[in-house]
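Open the model in your viewer and keep the sequence panel at hand.

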Amino acid sequence: MKRLRTDVLILGSGGAGLFAALHAREADPSLSITVAVKGLLGKCGCTRMVQGGYNVALAPEDSVERHFMDTIEGGKWLPDQELAWTLVTVAIERIRELENELGCYFDRNPDGTIHQKAFAGQTFDRTVHKGDLTGIEIINRLAEQVWASGMARMEEHRAVELIRNRSGDALAGVLMVDVRSGEFVMVQAKAVLLATGGGPTMYRYHTPSGDKTCDGLAMALRAGLTLRDMEMVQFHPTGLLAGPGTRMTGTVLEEGLRGSGGYLLNGSHQRFMHDYDPKGERATRDIVSRAIFSEMRAGRTTPHGGVYISMGHLGAERVRREFKGMVERCADCGFDLAGGLVEVVPTAHYMMGGVVFRGDCTTELPGLFVAGEDSGGVHGANRLGGNGVANSTVFGGIAGEAMAPWVRRHATLQEPDEAAIDAAIARARAPLGKRAGDLNAIREKLYDVMWDDVGIVRDAAGLARAEGALEELEARVDAAGAGGTDLAFNLTWHDWLNLKNLLLVSKAIRASAMAREDSRGAHYRSDCPDVRDLDRSRYVCVGWHDGRFEISTRPVEFTRVKPGETLLKEAAAA
Ligand SMILES: Cc1cc2nc3c(=O)[nH]c(=O)nc-3n(C[C@H](O)[C@H](O)[C@H](O)COP(=O)(O)OP(=O)(O)OC[C@H]3O[C@@H](n4cnc5c(N)ncnc54)[C@H](O)[C@@H]3O)c2cc1C
């Protein structure tokens, strides 16, 4: 096995990972920094896929207090208020950095100010964007800087396990696999950033990139860390529904379509959103997804079993101009977004839950930092569109700044627990040499279980059913082999590893959903539909110890504002 040493190891090259790398280097240019990533740097993960844009309070009529209140109210009073405050305040600094230091071009108004568009669930149009391909602009500029810096890169390297030190009280490094050769690599590091971006790809319809299979969250669980809010899986209401034979199905049609006035129509061509919420199509994602799901359950569906989005009434020219990427994507699948109807379905998009962390991105495991979609607590029960990329870039930068002094204070590398490495390798190699099982059939079943019983609408009976079904799937994966023993680019083997992680995290979602006996934001229990006790809000924590999930709850601390109050001076005065 190859062994490498570095001061800072960053897992993932999305907005969180790349910002962390650049900020760590800026904080201390003498650090050795290694960016390790499952795919190709700059080409994988979801930051690149960001369409709509980036929320930030820039306009004189807007304020960080307003952005904060939207985030807290959207998150149904579950967000950690200090983390949310950091998000909205540092986002201003970060967007300037993206423009002025990294060279991003965002769309502008005729007077030269940055154009900000409407996104659902916000009381002010504050979403900065580059057309509807904002993520490509951000990630290309970040990647260029990392490439130019000469930092060490481990591309097509998959993190397999977090390895503690010999005494078990700190992190020593990460066991990785070089996907190209199949060789195991143990990377010792003084500080490690977990930024693998979550990714709810265990649902039948999902938006995230195919490289994301909750690896970071699964590794964190196996390393004994606590995760929070795992029941909070956000469904984006408008995933493209282009039939079962294409991976385009599930990909997202951005929220700006509804924000700018798009209509949702059921299979009978009737607008229905106002039957569910006075804000109509501009209600938050959870409400719109549930409304669509209800129409689907009532059988008022389109030929492929979803609903329609209609933009034609806004003028085809305007739609083509403002949503060029979306119009082209739909045309590729045979739909006319500018003038006709496009079939859509709710699609699993984002995990609000993740590793419990502090404001400086440290975790309960010394040496491990977390940022971006792997972290939990910033968004609570619901993430506002536009707050995701803000989250990964804001906290990625903070993590980089915090890792540099950490490395100075902890100048020696920890020696890894060799027995833990051996156990991790044995676990990863378990399917090798056994006859290949039908992993595709297992994944299809996982999609069904999560969509039907742990999806948009849940109840105790369904969640109990899912428990047995997930255990059965785990047994099927364990019994399945990955074919031969040639490890170079052995994608069946990686598929097996992906499924193992998805199953562990699916079980954590299910257990957390069973524990939350009320309905909040993205988590809706039809057997307990009320939002209970906002002022005594608690969040659900889940850990994995000795092969069992441990569930606990902790109180939300209302450090800045209590339910029923506001930070907005004019609203308070009125
Ligand atoms: C289609 C789409 C549109 C979106 N639009 C918006 C939007 O308009 N506005 C908004 O705010 N948010 C949006 N989001 C959400 C946003 O993309 C994410 O919140 C954010 O980019 C996550 O950043 P990240 O750095 O945490 O993860 P990512 O950018 O996803 O990066 C994760 C990285 O980890 C790597 N990785 C994964 N597993 C491993 C492993 N085992 N070992 C090593 N590396 C690994 C991946 O290859 C990748 O490089 C969108 C998401 C999608 C999918």
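Two strands pair if DSSP finds at least two bridges between them. Helices (H or I, at least four residues) and strands (E, at least two) are DSSP runs, numbered from the N terminus. This is a predicted model, in which local features need pLDDT of at least 70 and side-chain atom pairs count only at pLDDT 80 or more, while totals for chains, interfaces and linings use all residues. Residues are numbered from 1 along each chain as its sequence is written, and side-chain values use heavy atoms, with hydrogens and water left out.

**Stop 1: strand pairs**

Select Leu227. It stands opposite Val542 in E18. Strand E10 (residues 227-228) and E18 run antiparallel and are joined by two bridges. Now move along to E19. Eight bridges join E18 to E19, again in the antiparallel sense. In this pair, Gly543 faces Glu550 of E19 as its opposite residue.

Stay here and select Asp546. It sits in the loop between strand E18 (538-545) and strand E19 (548-555). The hairpin has two residues between the strands, and Asp546 takes a positive phi near 50 degrees. Most residues other than glycine have a negative phi. Is Asp546 buried or exposed? It is exposed, with a relative accessible area of 79%. The cut-offs are under 20% relative accessible area for buried and over 50% for exposed, with partly exposed in between (1.4 Å probe, protein chains only).

**Stop 2: an open sheet**

Select E3, E5 and E4. These three strands form an open sheet in the order E3-E5-E4, with antiparallel pairing. Strand E3 (54-55) and strand E4 (116-117) are the edge strands, each pairing on one side only. Between E3 and strand E5 (residues 127-128) there are two bridges. Pick Tyr54: the residue opposite is Val128 in E5.

**Stop 3: the ligand**

- Cys46: a backbone N or O atom lies 2.7 Å from an oxygen atom of the ligand.
- Ala159: a polar backbone atom is 2.9 Å from a nitrogen atom of the ligand.
- Arg383: an N or O atom in the side chain is 3.2 Å from a nitrogen atom of the ligand.

The protein covers 99% of the 1,000 Å² of accessible area that the ligand has on its own (Shrake-Rupley method, 1.4 Å probe).

**Stop 4: Lys76**

Go to the loop between helix H2 (64-74) and helix H3 (81-101), where Lys76 lies. Its phi is positive, near 55 degrees. Lys76 counts as partly exposed because its relative accessibility is 22%.

**Stop 5: the cores**

A nonpolar core is a set of buried Ala, Val, Leu, Ile, Met, Phe, Trp, Tyr and Cys residues joined through side-chain atoms within 4.5 Å. Select Leu11, Tyr54, Leu337, Phe395 and Ile509: they have the most contacts inside the largest core, which has 158 residues. A second, separate core has 20 residues, including Trp77, Leu78, Val88 and Val556.

Technical notes
Polar contact = N/O pair within 3.5 Å; in protein donor to acceptor, adjacent residues only side chain to side chain.
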